[in-house]
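Hi everyone, thanks for having me. Please take a look at the screen, and I'll walk you through what is there.

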Amino acid sequence: MSAEEIESVRLLFLRDQVGLIPPEQYSEIAADLLVDGYDSPALREWAGYPRNDPQGTHDLWSQVRDELDKPFEDDGLARRMLVRRWLQQIVDGILDPYTGADLILGLAWFALGRPAVLNPLVAGRDDWEELPERRDMLQRELRNDARAILESW
């Protein structure tokens, strides 16, 4: 398994940690992890687990994390890593700048104590809502802000 695949799985677990993965997607994720070469008794059970039992799914997910040695990470570190990932995706044109700024505002900015370095994205996101006639320019500015933040943070 390549370092990129391992990092991708780590990001999956971090996204789950911050609440980005709905429990009804767990069985599909479990099947994907099995295909990718991960294996554990709970993972096999989880892949076929009924989607209508959120508590049971949550319990199995915790077992999977334990069996695959994927513990919950420090919340601040997890959110910073996801922010960096979203910033890079904005810069690379993979993630829409407004969507990325909205993710960062909703899932990281407050939780990280409102770091000033992210303020340009938060302001740009607010401008997007208030100034729809400037969205083309704001999109470029958000992408440039994401690039600058990646270089300094």
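This is a predicted model: local features need pLDDT of at least 70, side-chain atom pairs count only at pLDDT 80 or more; totals for chains, interfaces and linings use all residues.

The chain has 153 residues, and 40% of them count as buried. Looking at contacts with a separation of 6 or more, 57% are between residues 24 or more positions apart. As for charge, there are 17 positive and 30 negative side chains, with the centres of the two sets 5 Å apart.

Now let's go inside. Which residues have the most contacts within the largest nonpolar core? They are Val83, Trp86, Leu87, Ile104 and Leu121, in a core of 29 residues. The elements that each give two or more residues to this core are α1, α5, α6, α7 and α8. Helix α5, residues 75-91, gives the most, with eight residues.

Is arginine 65 buried or exposed? Its relative accessible area is 2%, and buried means under 20%, so arginine 65 is buried. You will find arginine 65 in helix α4, residues 54-67. A polar atom of its side chain lies 3.4 Å from the backbone oxygen of phenylalanine 13. Setting aside neighbours within four places in sequence, the contacts of arginine 65 are Phe13, Asp16, Gln17, Lys70, Pro71 and Phe72.

The other one, arginine 125, sits in helix α7. Arginine 125 has a relative accessible area of 16%, which is under 20%, so it counts as buried too. With neighbours within four places left out, arginine 125 is in contact with Tyr98, Ala101, Asp102, Leu105 and Leu142.

Last stop: tyrosine 49, in the loop between α3 and α4. Tyrosine 49 and serine 27 are 22 residues apart along the chain, and their C-alpha atoms are separated by 6.4 Å. Not counting residues up to four places away, tyrosine 49 touches Ser27, Gly56, Thr57 and Leu60.

Methods: Residues are numbered from 1 along each chain as its sequence is written. Side-chain values use heavy atoms; hydrogens and water are left out. Helices (H or I, at least four residues) and strands (E, at least two) are DSSP runs, numbered from the N terminus. Buried means under 20% relative accessible area, exposed over 50%, partly exposed in between (1.4 Å probe, protein chains only). A polar contact is a pair of N or O atoms within 3.5 Å; within protein, one must be able to donate a hydrogen and the other to accept it, and residues adjacent in sequence count only if both atoms are side-chain atoms. Contact means heavy atoms within 4.5 Å. A nonpolar core is a set of buried Ala, Val, Leu, Ile, Met, Phe, Trp, Tyr and Cys residues joined through side-chain atoms within 4.5 Å. Lys and Arg count as positive and Asp and Glu as negative; His and the chain ends are not counted. The place of a charge is taken as NZ of Lys, CZ of Arg, CG of Asp or CD of Glu.
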